[in-house]
Amino acid sequence: NHIPKKPFYLKNCYTPYWFDYLPKTKTLWFQSNQVLNDPARPYPQFLDSLFQFIAQNEVEKLVIDLRNNNGGNGELSYPLIQHLIQTDKI
């Protein structure tokens, strides 16, 4: 029996937020499963690393996957929006 591979968007479904690079398409996949500040990796630091990766690598597209996100602290969205506005590369 062949067990199908799990869909990419389910890769880290229990992680509040994560990103991964898809080099063939020069796409950075950012998934936000919860809008909260994870003490293990605070959201502002995570966003800094995300946009630093974009600046330093061949990224042409950014996917923001919110399909599993049920909400949370909406104020945490403002820094993401600010980063997106300030980033001309994508």
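Which exposed residues does the face of α1 turned away from its buried side carry? In this predicted model, that face carries Gln45, Ala55 and Gln56. The rest of the picture starts from the sheet.

Three strands make up an open sheet, ordered β1-β2-β3, with mixed pairing. Its edge strands are β1 (17-22) and β3 (61-65), and each pairs on one side only. On average, neighbouring strands of this sheet are turned by 15° against each other, direction ignored. Strands of a sheet pair through backbone hydrogen bonds, either parallel or antiparallel. β1 and β2 (residues 27-32) run antiparallel and are joined by six bridges. Within β2, Thr27 is the bridge partner of Leu22. The pairing of β2 with β3 is parallel and spans five bridges. Here Trp29 stands opposite Val63 in β3.

Helix α1 covers residues 43-56 and lies across β1, β2 and β3. The helix runs at about 10° to β1. Together, β2, α1 and β3 form a right-handed β-α-β unit. The length of α1 agrees with expectation, because its 14 residues should span 20 Å at 1.5 Å a residue and its end C-alpha atoms are 20 Å apart.

The buried residues of α1 are Tyr43, Phe46, Leu47, Leu50, Phe51 and Ile54. Seen down the helix axis, these buried residues fall within an arc of 125°, so they line one face of α1. An α-helix has 3.6 residues a turn, so residues three or four places apart point the same way. The cover over the buried residues of α1 includes β1, β2, β3 and α2 (77-86).

Conventions: Residues numbered from 1 in each chain as written. Predicted model: local features only at pLDDT ≥ 70, side-chain atom pairs only at ≥ 80, totals over all residues. Heavy atoms only, no water. Pairing = 2+ DSSP bridges. Helix = DSSP H or I, 4+ residues; strand = E, 2+ residues; numbered from the N terminus. Axes fitted to C-alpha atoms, helices over the stretch in contact; angles between N-to-C directions. Contact = heavy atoms within 4.5 Å. Right-handed = clockwise from strand over helix to strand, strands pointing away. Expected span 1.5 Å × (residues − 1). Buried < 20%, exposed > 50% of the residue type's maximum accessible area, 1.4 Å probe, protein only. Arc of directions from axis to C-beta.
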